[in-house]
Amino acid sequence: MARTTDSRTSPDSKKTVTLTDNTTGRTWELPILEGTLGPRAIDVRRLYADTGFFTYDPGFTSTASCDSAITYIDGEKGILMHRGYAIEDLAEHSTYMEVCYLLLHGELPNRQQRDEFERSITYHTMLHEQMMNFYRGFRRDSHPMAIMVGVVGAMSAFYHDSTDISDPYQRMVASHRLIAKMPTIAAMAYKYSLGQPFVYPRNDLSYAENFLHMTFAVPCEEYKVRPAVARAMDRIFILHADHEQNASTSTVRIAGSSGANPFACVAAGIASLWGPAHGGANEAVLKMLQEIGTKERIPEFIKRAKDKDDPFRLMGFGHRVYKNYDPRAAVLRKSCHEVLDELGMRDEPLLDLAMELERIALEDEYFNEKKLFPNVDFYSGIILQALGFPTSMFTVLFALARTVGWIAQWKEMIEDPNHRISRPRQLYIGYPKRPYIPIDQRK
Ligand code: SDX
């Protein structure tokens, strides 16, 4: 049973760590917080008030920014669970709609709950007609992530009846609107880049089928979504749904901690995800594989990835938390073969190249010593390209799928009675106080 809100703020006062300042001999007892699984935490909420010390942790390598019951990652063992369910089981047996319900509500839905949730999402997929005007303000060659940041942020200007975050009903409506409308907004960004007409959502299609139809259908002929393609798309959405307190989710939480509306918070998350060190890596992996080109050139790039003087990194490898194989990459690796076989692309050269690159990297001492394994982005791009998406849409699909994670984490924060505005401090290394110098006395 996940811990309740009450236990979050009542550390077990018997369990403490002792902090000693060797310059003064002073000592303090700091409480230990214990979760359901994973590392224990030292409660430093009163550290500055009691000791005058800050903690120092740029990049938050050792910092728990919150407590959460949504997702658990064990980086050493390569474990990922959502509300206690292993990602492998969810990818194999569940659907993205079920996972959305699970992330938002904490339990898998029964048949009636699932049908009601899916119906609510289906009937929120249309965009306000005027929002189409935003697209015409962008250049046709705009990166679709730029469009996503702009249009999702603009939802705050259209859906005023679901921006009061103190109202549980409005929080639920905003959550459903975001989950439902992201595929429509994403597909429209793609259509706009092609100069093709927008395709409206259809209520007779599943979530993944609807997205594929809006993306690839044209008015001139019927477009049938292949079941295997829809299943692969749905599985990719499941694998990208949530991932604890990653950079974009932390961005959404920090934006939300000031009371900003959920549409603006998700727009901030999209902006953060765009970076090549984060969600932008799937696009960067494809470009890297295309640059490597042949198996013969792999050693040259492995050498560059290990060269401290070369900014090149092996995209799709390494992770702040996983020091083992990313379980999502393992599922995607298997799915890659299935999808390419299904599409008659079993000899796709990029997959062959990726498998060889993975084999060589995993045998390399540098990658082993630094525990650099393939992450979720290493294989996803190969599948997405096989499904017909251009590389510029890869991070858009990541943002589409991650919206439920962002909004579930935002909801958990807003509903925590102890939540406060996030306002980190710093270690100041600038000038001490100095006198103003009039301009005619400056050098
Ligand atoms: C995602 O946080 C999440 O959960 C994110 C995510 C999610 O679902 O939300 O999982 C999605 O963002 C996956 C990561 C996608 N990014 C990439 O594939 C880009 C390539 N990877 C690296 O940029 C890096 O591994 C990070 C950004 C993913 C992690 O960076 P860290 O934790 O800050 O680690 P680091 O940069 O300090 O690296 C540790 C060492 C360094 O060497 P030293 O300075 O110790 O000598 O490993 C080296 C790095 O140089 N290293 C790499 C490398 N990644 C790390 N060397 C070569 N190639 C790489 N890919």
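## Aromatic cluster

Tyr96, Tyr190, Tyr207, Phe211, Phe216, Tyr223, Phe237 and Phe389 form one aromatic cluster, where rings of Phe, Tyr and Trp (its six-membered ring) pair if their centres lie within 6.5 Å. The model is predicted: local features need pLDDT of at least 70 and side-chain atom pairs pLDDT 80 or more, while totals for chains, interfaces and linings use all residues. Residues are numbered from 1 along each chain as its sequence is written, and side-chain values use heavy atoms, without hydrogens and water.

In the whole structure, 20 aromatic pairs are found. The ring centres of Tyr96 and Tyr207 lie 5.3 Å apart with planes at 40°, so this pair is tilted; planes under 30 degrees apart count as stacked, over 60 as edge-to-face and the rest as tilted. The pair links distant parts of the chain, 111 residues apart: Tyr96 belongs to helix H4 (residues 96-105) and Tyr207 to helix H9 (residues 207-216). Tyr96 and Tyr207 are both buried, that is, under 20% relative accessible area with a 1.4 Å probe, protein chains only.

## Overall fold

The protein chain has 19 helices and six strands, taken as DSSP runs of at least four residues (H or I) and at least two (E), respectively, and numbered from the N terminus. Its radius of gyration is 24 Å, close to the 22 Å that the globule rule gives for 443 residues, so the chain is as compact as a globular protein of that length. The radius is taken over C-alpha atoms, and the rule is 2.2 Å times the number of residues to the power 0.38.

Of the 443 residues, 47% count as buried.

Conventions
Buried means under 20% relative accessible area, exposed over 50%, partly exposed in between (1.4 Å probe, protein chains only).
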